Amino acid sequence: MLEVILGVGLGLLLASNVALWLKLDRCYHDLHSIIEGVSSATVEIPTLDGVRDEINETLQDFMQNLHVPNAADHLMGAAGQALQMWAHKKFMGAPVGELLPQIMPAAEPQTE
């Protein structure tokens with residue numbers, strides 16, 4: 001029975017490798033045909049002014065989408081904080097006050 005399972009597994013592995021190799025070979029040929037078709041095209045190098053304008057437009061779009069937080073934003077923040085505190089108490093078990101003495105025992109007084 002083990003031999004049958006190993007044979008089927010190896011057969012599937014071989015079949016998948018052959019399928020992947022055929023797909024990769026086809027992609028290789030497609031890529032080379034695309035490269036040959038584009039080799040005559042010229043690439044335009046962007047200017048510094050164009051890059052600067054693009055950055056300015058992006059920043060302006062970002063700044064225009066910002067808004068002052070309203071009451072709903074503050075309520076959602078408070079609700080999120082309350083849920084975090086609930087989850088922390090539920091999943092972490094003992095409060096930090098009970099764990100603190102175990103983590104940091106009282107320091108021994110130093111004698112001089």
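Is Asp 30 buried, partly exposed or exposed, and what is the relative accessible area of Asp 30? In this predicted model, Asp 30 is partly exposed, with a relative accessible area of 30%. That value lies between the cut-offs of under 20% for buried and over 50% for exposed.

The overall fold is helical. The protein chain holds four helices and zero strands. Along the sequence the pattern reads α-α-α-α. The chain exposes about 11000 Å². Carbon and sulfur atoms supply 68% of that area.

Two salt bridges were counted. One of them joins Asp 30 to Arg 26. The closest N and O atoms of this pair are 3.3 Å apart. Both residues belong to helix α1, where four residues, about one turn of the helix, separate Asp 30 from Arg 26. Arg 26 has a relative accessibility of 52% and therefore counts as exposed. Asp 30, at 30%, is partly exposed. Side chains of opposite charge can pair when their charged atoms come close.

A salt bridge also links Arg 52 with Asp 49. Here the closest N and O atoms lie 2.9 Å apart. This pair sits in helix α2, with a spacing of three residues, again about one turn of the helix. An α-helix has 3.6 residues a turn, so residues three or four places apart point the same way. Arg 52 is partly exposed, with a relative accessible area of 43%. Asp 49 is also partly exposed, at 47% relative accessibility.

Surface patches were then examined. A nonpolar patch of about 440 Å² is made by Leu 14, Val 18, Trp 21 and Leu 22. Trp 21 is located in helix α1, which spans residues 2-38. The relative accessibility of Trp 21 is 55%, so this residue counts as exposed. The cut-off for that class is over 50%.

Asp 53, Glu 54, Glu 57 and Asp 61 form a negative patch. Glu 54 lies in helix α2, which covers residues 48-65. With a relative accessible area of 48%, Glu 54 is partly exposed. Helix α2 thus carries both Glu 54 and the Arg 52 and Asp 49 pair.

Helix α3 was considered on its own. This helix runs over residues 71-92 and has 22 residues. The distance from its first C-alpha to its last is 31 Å. That span is close to the 32 Å expected at 1.5 Å a residue. Of the 22 residues of α3, the number buried is zero, so α3 lies largely in the open.

Key: Residues are numbered from 1 along each chain as its sequence is written. This is a predicted model: local features need pLDDT of at least 70, side-chain atom pairs count only at pLDDT 80 or more; totals for chains, interfaces and linings use all residues. Side-chain values use heavy atoms; hydrogens and water are left out. Patches are made of residues with over 30% relative accessible area and no salt bridge: like charges are joined within 9 Å, nonpolar side chains (Val, Leu, Ile, Met, Phe, Trp, Tyr) within 5 Å. Accessible areas come from the Shrake-Rupley method with a 1.4 Å probe; for residues, only the protein chains shown count as cover. A salt bridge is a side-chain nitrogen of Lys or Arg within 4 Å of a carboxyl oxygen of Asp or Glu. Helices (H or I, at least four residues) and strands (E, at least two) are DSSP runs, numbered from the N terminus. Buried means under 20% relative accessible area, exposed over 50%, partly exposed in between (1.4 Å probe, protein chains only). Lys and Arg count as positive and Asp and Glu as negative; His and the chain ends are not counted. The place of a charge is taken as NZ of Lys, CZ of Arg, CG of Asp or CD of Glu. The expected span of a helix is 1.5 Å times one less than its number of residues.
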